[in-house]
Amino acid sequence: MTHSINRVAVIGSGTMGGALAAHFANAGIPVYLLDIVPNKLTPDEEKKGLTLNHPAVRNRIVNAGLEAVKKARPAALFTPQTAERITVGNLEDDLERLREADLIVEAIVENLAIKQQLMARLDAVRKPESIVTTNTSGIPIKDISANCSPSFKQHFLGTHFFNPPRYLKLLEVIPGPETLPEVVEFIKWFGETVLGKGVVLCKDRPNFIANRLGTYLGMVGLRYAFENGYTVNEVDDLTGPLIGRPKTASFRLLDLIGNDVMLHVADNLYAAVPDDESREEFKPPEFLREMVKRNWLGNKTKQGFYKEVRTDAGREFHALDLKTFEYQRPEKIVHASATNAEAYESLGERLRFLVAQQDRAAQFIWDTTARYLAYASRRVPEIADDIVSVDNAMKWGFANEAGPFEMWDLLGVAESVARMERDGLVVAPWVKEMLATGHPSFYQDGKYYDLKAKGYVPLPKSPNVILLKDCRVVQSNDSASLIDLGDGVACLEFHTKMNALDEGIIEIAQATLAEVDKNFVGLVVGNQGEHFSAGANVMTIGLAANDQNWEGIDKIAKALQDFIMALRYSPKPVVTAPFGYTLGGGCEVMMGGARIVAHAESYVGLVEVGMGLLPAGGGCKELLRRVVSPAMQTPGADPLPFVQRVFEMIGMAKVATSAEEARQMGFLTLADRVVMNRDQQIAEAKRTVLELAAQGYRPPTRGKIIYAAGERMLAVLRLAIYSFLQGKYISEYDAKVGEKVAYVLCGGNLTAPTWVDEQYILDLEREAFISLCGEEKTRERIWHFLSTGKPLRN
């Protein structure tokens, strides 16, 4: 790399600037967060006798920004301690600090003149090799740096993050006309590898790619709904997961973004694209302008297209009637096409079925989707030279399952183009040329249609990305597969619903370990589904408990324990690669490896108590080994704080909200790695396997390595449970489950603290698990969870 970034400075501590500072800090980089100095005292400051020169006053704006970051929900920071990497200051007293920054990111108000003034100041103070970027969402990059030095322009470009940057994958990178190619390449690498983003290179056109197409689709949907009498909740039912978009759908998304923000973006875009043939589509409908005038901005004012209403039954969300401007309790509108489409599992099948129907739902979906696809075709090559960038921008920026050209392929390009033209829509000439020259789809066999080549070219590949779907399958069943990653490394991939652990996974796992022992140097346990694993198959446990099949339950738990212990003591290195939900049995599998390579967004916890159970795949044992046992190697150490910590983690079903928090809790060790980019996770896990193998990996030695604190500690935990029960913090059945957890963690009825082997605790886990399965209230909790997805407190 031609550059390195050891310190970042963010200018502007508002919603976006603060969130960016948090994400740089999440990536382990020290950050200066600067903002303007206030020009007026607050009433509270006047009462305290402060002046505009007081440090607390001068940093008031930036301090408020940092406090907002700390309180943000969903959390902007991986852990509360991450905020310690952020140093605040102001643009008058601390401008010289920018000389230390390798990257300076501007995130101030969207005003060209103000941005140009700031750039002049940055130009005067930055070190020559530092990179400066703007997070503008639409102002031309060339205009922002127009008055700056040649060196500044060579190191200046746009970096348009989507908010919140911790969670949204897209980073649009927009080079200026004089930006050095090596600077662009470095920022692309930095965004992908260090920040975990999906980077799309954009042309310096109004609102770049995602906001240009997203705003068009949003305005088309709003206007179509109003003119054709669709209700707010009706549209949201039709434009969410049914057609491959998030649950926020259309109107919920606008409430989340802020209706004032949407109005501002649409107005600016309308003014910025006088030559766009569809310019009038960007003109916001009058009802949106009226909503902003009334301060019905969405979630931030608790009133927008939806309004939160408190009733005797609890909290409800009433939907706005776009004609009367009154809020009403949403009524479920059933459309036969939408209902029947849900029977199709794949997005392509659902879309093809939907657009072939004739009811209101099908009409809305076809009319709005067709306009969106046709418009996307007309914007290439204006906003991007290739369709891959457009598709990635829409998928990563809005969490869509497919981009416009991928969606077009799913519908069938030739058929849909013919229908669009019958409807009077204009499709870009290059699409018709593509079809006429024998290219029936935008993507085909790992290639995409390139406008310049007028044919298919290979999709770009990164050496840091391994796609499991492209790897050789050695063995497979309905639940799991053994995959060859190359270079002697195997992968055990789960592919059940939510990657729940079942008999099929155990079956392939046993075959995998035998195969790895003979023919591979090591193993990765990972997948590329939505979540690593949400735990064991609860349905199987519930059915066995109903049948009082205690032997069957013992067999299930023992099989899981044996599988995880086989991972732990495999003669070849095993690396687990968790991400997303890593809960219950999934958490236990994660801890079975020699190393963990976790994605930063891993939500890890042992949550079995929510169903009246306890961890029985080795979770209790493993937390004792990881948290309690190391502490008790110190002579005279008090076990109480460590046992209590583990007891609370299991007993309160605590879930880490990031991989770094999971490390703090003890699920990960200091030797384990956290990767920011999930696309790179399997490749990084494979590298870790190869590193361990090259170092002459040997499995751990079996022995009495678990500290069991015994009956005195058990008495202490029982007293704590009793206190919680008396304080009505827990139910009587919670207390019963807690007793079982405490019993296992203390090693049962040991009269004195003792070091025991792992199997001793594993046996206690299974015994307690079976005992709880025999309780009626546990079975009630299991079936309540299966039917509602929520825990029951009984």
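This is a predicted model: local features need pLDDT of at least 70, side-chain atom pairs count only at pLDDT 80 or more; totals for chains, interfaces and linings use all residues.
Trainee: Are the planes of the Trp 408 and Phe 442 rings stacked, tilted or edge-to-face?

Mentor: Trp 408 lies in helix 18, whereas Phe 442 lies in the loop between helix 20 and strand 12 (443–444), so that the pair links parts of the chain 34 residues apart. Trp 408 is buried, with a relative accessible area of 0%, and Phe 442 is likewise buried, with a relative accessible area of 0%. The ring centres of Trp 408 and Phe 442 are 5.3 Å apart and their planes stand at 45 degrees, so the pair is tilted.

Trainee: Which residues form one aromatic cluster with Trp 408 and Phe 442?

Mentor: The structure holds 29 aromatic pairs. The cluster that contains Trp 408 and Phe 442 also includes Phe 405, Trp 430, Tyr 449 and Tyr 456.

Trainee: How are the rings of Phe 162 and Phe 398 set, stacked, tilted or edge-to-face?

Mentor: Phe 162 sits in the loop between strand 6 and strand 7 (170–175) and Phe 398 in helix 17 (residues 387–398), and these distant parts of the chain are 236 residues apart. Phe 162 counts as buried at 7% relative accessibility, and Phe 398 is buried too, with a relative accessible area of 19%. Because the planes of the two rings stand at 90 degrees, with the centres 5.8 Å apart, the pair is edge-to-face.

Trainee: How many charged residues are there in the lining of the largest cavity?

Mentor: The largest cavity holds about 60 Å³ of space, and strand 4 (103–106), strand 6 (156–161) and helix 8 (181–194) each supply at least two residues of its lining. Among the residues that line the largest cavity are Phe 24, Leu 103, Thr 133 and Phe 190. The lining of the largest cavity divides into 8 nonpolar residues and 2 polar ones, and the charged residues number none.

Trainee: How many charged residues are in the lining of the second largest cavity?

Mentor: The second largest cavity contains about 50 Å³ of space, and its lining includes Arg 568, Glu 588, Lys 621 and Glu 622. The elements that give two or more residues to this lining are helix 23 (550–568) and helix 25 (619–631). Beside 3 nonpolar and 4 polar residues, the charged residues in the lining of the second largest cavity number 4.

Trainee: Which residues lie closest to the centre of the second largest pocket?

Mentor: The second largest pocket holds about 400 Å³ of space, and helix 26 (640–651), helix 29 (711–726) and helix 30 (732–745) each supply at least two residues of its lining. That lining divides into 13 nonpolar, 3 polar and 3 charged residues. Of the 19 residues that line the second largest pocket, the closest to its centre are Phe 647, Gly 651, Met 652, Phe 724 and Ile 730.

Methods: Residues are numbered from 1 along each chain as its sequence is written. Side-chain values use heavy atoms; hydrogens and water are left out. On a 1 Å grid over the protein atoms alone, a cavity is a set of points where a 1.4 Å probe fits but cannot get out, and a pocket is an open set with protein on both sides within 12 Å along at least five of seven lines; lining residues have an atom within 4 Å of a point. Grid points are joined across faces, edges and corners, and a volume is the space filled by probe spheres set on the points. Helices (H or I, at least four residues) and strands (E, at least two) are DSSP runs, numbered from the N terminus. Ala, Val, Leu, Ile, Met, Phe, Trp, Tyr, Cys and Pro count as nonpolar, Asp, Glu, Lys and Arg as charged, and the others, Gly among them, as polar. Rings of Phe, Tyr and Trp (its six-membered ring) pair if their centres lie within 6.5 Å; planes under 30 degrees apart count as stacked, over 60 as edge-to-face and the rest as tilted. Buried means under 20% relative accessible area, exposed over 50%, partly exposed in between (1.4 Å probe, protein chains only).
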